[in-house]
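Grab the model and a pencil, and let's work through a few exercises together. Each one sets a task and then walks through the solution.

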Amino acid sequence: MQPVADMTTADPPPSHNRSHNITNDVETGMTTHTNGDTLAEANVEADIGTDVGADAGAKGDRVHYRICPLCEACCGLEIHTVSSAQGPKVVAIRGAAQDPFSQGYLCPKGVALKNLHEDPDRLRQPMRKQADGRFTPISWDDAFAEVQQRLPALRERHGADAVAVSIGNPASHKIGLFSYFPGLVRALGTRNIFSASTLDQMPKQLACGLMYGHWLSVPVPDLPRSDLLIILGANPMVSNGSLWTVPDYRGKAKAMRARGGRIIVIDPRRTETAQAADAHHAIRPGGDVFLLLGMLHTLFDEGLVKPGRLAEHLQGLETLQALARDYPPERVASHCGLGADTLRQLARDLAGTERAALYGRVGTCTQRFGTLNSWLVDVLNILTGHLDAPGGLMFPKAAAFAANTMGRSGQGKGVTIGRRHSRVSRAPEIMGELPLSCLAEEIETPGDAQVRALITVACNPVLSAPNGGRLARALEGLDFMISLDPYLNETSRHAHLILPPPSPLQDWHYDLVFSQLSWRNHARWSGPVLPPDEGDPAGPAGQDSPQAEWRTLLRLTAIVAGQPHDSDAALQALDDAALMSELRRNAGDQAEALFERIDGGAGPARWLDLALRSGPYGDGFGARPDGLSLARVKAAPHGIDLGELTPRIPELLRTASGRIELAPQPMLDDLADVDAALQRPLGDELLLIGRRETRSNNSWMHNLPVLAKGKARCTLMVHPDDAARVGLADGQVARLSNARGSLLAPVELSADLRVGVVSLPHGWGHDLAGAQLQVAARQPGVNMNLLLDEESRDPVSGTSVLSGVPVRLSAAPAVAATPTERDAGSPA
Ligand SMILES: Nc1nc2c(c(=O)[nH]1)N[C@H]1C(S)=C(S)[C@@H](COP(=O)(O)OP(=O)(O)OC[C@H]3O[C@@H](n4cnc5c(=O)[nH]c(N)nc54)[C@H](O)[C@@H]3O)O[C@H]1N2
Ligand SMILES: Nc1nc2c(c(=O)[nH]1)N[C@H]1C(S)=C(S)[C@@H](COP(=O)(O)OP(=O)(O)OC[C@H]3O[C@@H](n4cnc5c(=O)[nH]c(N)nc54)[C@H](O)[C@@H]3O)O[C@H]1N2
Ligand code: SF4
Ligand SMILES: [Mo]
């Protein structure tokens with residue numbers, strides 16, 4: 001059972017709903033803060049505005065509370081609905097002021113949930129591709145009949161590995177997808193498992209897995225108590241935080257600086273986060289490993305290593321000390337593009353501030369040395385006494401589903417990697433997955449275990465992965481493809497069947513991923529705001545929409561497992577059996593009795609009740625009557641605050657040694673390539689990096705009018721010096737090219753970039769034939785990933801290199817063709 005923890009009775013932090021002092025200028029898209037600072041696009045509190053058919057001050061006849069499923073910040077929303085002859089309608093979406101976790105914060109994307117719900121392009125029924133390539137709506141029963149007809153036969157003929165699965169970012173915001181996808185994968189028994197993790201955070205999960213023993217033991221900055229935050233390769237002002245669930249980063253950063261704290265940002269661009277910081281260092285893209293090794297050297301060299309309380313829990317300190325000798329700042333500085341003094345000073349600042357944290361994110365992960373970076377960030381925090389300490393990096397303790405709260409505490413099996421390899425490139429499996437950038441070659445390359453069928457779940461790799469043009473061609477060659485997706489988009493257009501989810505407003509939710517990465521511990525339930533669509537197939541809906549995605553996944557699982565799937569009774573029986581076997585594993589003789597006591601109807605709600613009750617704050621099925629249960633969490637409309645983060649080492653550790661592994665072998669092995677890189681002279685090519693925008697979310701929210709309005713956002717940012725060199729002016733169309741292809745994009749001059757660096761946002765390029773995204777197609781933008789090399793990876797984690805890619809820049813001919821993927825593959 002779980003360690004018994006007190007239910008925290010701490011008062012929630014003071015609410016600071018700031019919507020009253022912010023106005024939105026609809027014309028310019030600028031948000032003005034009445035205290036004087038103006039920040040284009042970083043508009044925080046967003047009124048719903050008349051342009052989405054609702055009024056900011058509107059009150060509905062019902063008020064609902066639901067967390068926003070669109071980014072990691074997980075803001076609590078207050079959603080007003082009114083009843084009408086056509087059913088209830090959303091009239092206002094605001095930040096929920098009484099939410100103990102997000103305290104009234106929201107961004108414009110939260111408001112766009114109404115647009116998403118009402119989007120005429122959002123699919124409400126399964127779609128089947130006809131012989132002429134067009135899609136027509138079909139019934140759910142017909143859709144599953146087709147799966148039944150095609151999928152088992154294909155597996156029988158070609159084997160389990162012939163079916164690949166790929167799961168994308170939104171799945172982590174959907175309890176139904178996240179909790180029922182593993183069952184489908186187990187039933188398939190395929191080694192071809194891919195996800196957006198290898199375009200994102202896999203290096204961090206691998207580093208943390210190796211150091212602390214579990215993939216999701218990722219520490220987050222304790223900003224409210226910190227006096228120094230060094231941010232490396234992250235832009236939380238715009239992204240709203242990642243692997244750090246921190247709604248209203250802006251407000252928290254401001255409060256921290258107001259009480260004398262400092263923020264230092266290290267990023268090739270002077271980002272929105274850097275503009276609101278005390279210092280900015282424009283690192284050379286890909287230079288982080290050199291910076292971090294130089295800082296490591298300084299800590300040992302200047303006697304600044306003081307791990308404090310953690311000293312007795314460390315393994316490998318001597319190994320670190322020995323390797324650090326090789327990286328004096330003077331040796332590595334030019335490769336990170338910063339002065340040796342800067343490296344030394346950063347190390348001194350980190351070591352010399354009692355409450356400080358170093359935090360790295362996407363910019364540090366999606367590069368050649370992503371795993372080394374992710375490891376070194378934690379190493380530096382540990383050596384300076386800032387890990388697991390207030391004001392430093394701390395480990396959340398989630399109320400449900402956190403593996404680091406389960407089983408024996410303080411020791412475990414650690415993580416295993418490389419149990420299998422991909423067939424073509426021999427890339428090792430990490431966390432059960434292969435690199436998403438290997439998918440195209442696995443489909444294209446003939447032989448045993450060639451991928452012939454694919455199930456994509458909330459994933460749009462044609463836009464989100466490197467060289468989506470090649471992937472798109474490969475997908476056309478599949479015998480069978482199913483996409484679980486609300487849109488007929490760049491990826492799902494290749495599917496034979498598209499199975500759509502309900503809209504988030506029709507779905508209940510409990511966040512099971514980001515509660516493990518949150519700035520403060522909490523438990524919040526979100527009920528469905530709107531009823532299922534009229535005309536949905538009948539079924540015992542309970543709290544779930546009949547098209548709830550756990551149901552879709554369970555039905556696919558049943559088909560693969562050769563079980564009955566075409567009645568709700570059959571699905572219920574399957575789900576009962578799975579729950580029962582879980583209970584038998586953990587509760588032995590008591591399984592039957594517990595089964596009867598679990599609440600929640602069917603689907604993930606029952607698993608949630610079990611997880612909450614047996615979790616660290618749970619009621620232990622009566623052992624701790626004040627503890628959490630599903631019923632208790634549901635009864636708290638604003639959610640339950642579980643207090644600030646508290647130290648968790650050694651309890652959290654699950655390494656075989658029961659210690660923090662400071663020097664895991666895969667890290668030591670990869671240092672040889674760092675040494676090789678230090679031998680190579682630096683090139684003088686322009687380097688392409690990405691960027692995120694407040695009103696955009698990866699590849700899939702450009703069809704929502706409230707976000708799409710206003711100026712074009714897919715611009716190529718160029719430093720004025722670089723633009724002058726090739727004769728480009730602001731607004732002019734530039735050609736960006738390399739051996740992989742070329743793109744045309746309008747130039748936006750920006751002195752915020754490091755000279756020699758250009759920036760394009762990712763997730764654009766909505767002009768591909770066959771997609772049904774009317775709004776997005778009007779301002780399609782270009783897909784920067786067409787210039788990326790799918791074979792360029794961090795070999796340790798399999799994560800793609802998405803940043804720091806060499807490109808050439810020139811002025812485009814005056815009459816330029818629309819930039820499309822047709823350009824890709826035609827070297828300029
Ligand atoms: N508005 C909005 N919010 C989002 C998203 C979105 O698309 N739009 N996406 C969501 C997702 S999926 C994620 S994972 C998170 C990501 O959240 P963040 O990690 O905060 O994301 P980015 O804004 O991409 O920040 C990465 C930063 O790294 C910098 N960078 C690039 N190359 C390097 C380098 O070599 N070294 C260093 N030190 N820095 C570098 C970039 O300039 C950029 O400022 O955001 C989430 N939130
Ligand atoms: N160059 C470059 N490329 C990048 C990045 C970068 O910084 N630079 N960032 C990378 C990162 S961090 C990430 S996470 C990936 C994201 O990569 P993906 O996960 O492939 O991309 P998304 O744009 O998030 O698309 C998700 C898909 O889910 C669908 N979807 C939305 N809601 C639901 C739902 O409720 N159910 C289902 N079934 N589907 C849904 C959308 O329609 C869309 O097709 O992109 C990566 N690509
Ligand atoms: S910050 Fe993220 S979670 Fe909050 S409203 Fe915006 S998209 Fe939703
Ligand atoms: Mo991501």
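## Exercise 1: aromatic pairs

The structure holds eight aromatic pairs, a pair being two rings of Phe, Tyr or Trp (its six-membered ring) with centres within 6.5 Å; planes under 30 degrees apart count as stacked, over 60 as edge-to-face and the rest as tilted. Before we dig in, some housekeeping: this is a predicted model, where local features need pLDDT of at least 70, side-chain atom pairs count only at pLDDT 80 or more, and totals for chains, interfaces and linings use all residues. Residues are numbered from 1 along each chain as its sequence is written, chains are lettered from A and ligands numbered from 1 in the order in which they are written, and side-chain values use heavy atoms, with hydrogens and water left out.

**Task.** Work out what kind of aromatic pair Tyr 180 and Trp 550 form, and where each residue sits.

**Solution.** 
- Step 1: Tyr 180 and Trp 550 make a tilted pair, with 5.5 Å from centre to centre and 50° between the planes.
- Step 2: The pair ties distant parts of the chain together, as Tyr 180 is in helix α4 (residues 175-188) and Trp 550 is in helix α18 (residues 549-561), 370 residues apart. Helices here are DSSP runs of H or I with at least four residues, strands are E runs of at least two, and both are numbered from the N terminus.
- Step 3: Tyr 180 counts as buried because its relative accessibility is 7%. The cut-offs are under 20% relative accessible area for buried, over 50% for exposed and partly exposed in between (1.4 Å probe, protein chains only). Trp 550 is buried too, at 5%.

**Solution.** 
- Step 1: Why does Tyr 212 count as buried? Because its relative accessibility is 0%. Phe 395 counts as buried at 1%.

## Exercise 2: a cluster and two lysines

**Task.** Find the cluster that includes Tyr 359, then look for lysines over tryptophan rings.

**Solution.** 
- Step 1: Trp 244, Tyr 249 and Tyr 359 form one aromatic cluster.
- Step 2: Tyr 359 is placed in strand β16 (residues 356-360) and counts as buried at 4% relative accessibility.
- Step 3: The C-alpha atoms of Tyr 359 and Ala 234 are separated by 8.3 Å, though the two residues are 125 apart along the chain.
- Step 4: The charged end of Lys 252 sits over the ring of Trp 519, 4.5 Å from its centre. To qualify, NZ of Lys or CZ of Arg must be within 6 Å of the ring centre and within 35 degrees of the ring normal. Lys 634 lies over the face of Trp 525, at 4.7 Å from the ring centre.

## Exercise 3: two ligands

**Task.** Describe what surrounds ligand 1.

**Solution.** 
- Step 1: There are 31 residues around ligand 1, and the closest are Asp 267, Gly 286, Asp 288, Glu 693 and Ser 696. A residue is in if one of its heavy atoms lies within 4 Å.
- Step 2: Polar side-chain atoms of Ser 239 and Arg 692 each lie 2.7 Å from an oxygen atom of ligand 1.
- Step 3: The protein buries 97% of the 920 Å² that ligand 1 exposes when taken alone, with accessible areas from the Shrake-Rupley method and a 1.4 Å probe; for residues, only the protein chains shown count as cover.
- Step 4: Helix α6 gives the most to this shell, with three residues.

**Solution.** 
- Step 1: A polar side-chain atom of Lys 174 is 2.6 Å from an oxygen atom of ligand 2, and one of Arg 692 is 3.1 Å from an oxygen atom of ligand 2.
- Step 2: The protein covers 97% of the 910 Å² of accessible area that ligand 2 has on its own.

Terms used. Polar contact = N/O pair within 3.5 Å; in protein donor to acceptor, adjacent residues only side chain to side chain.
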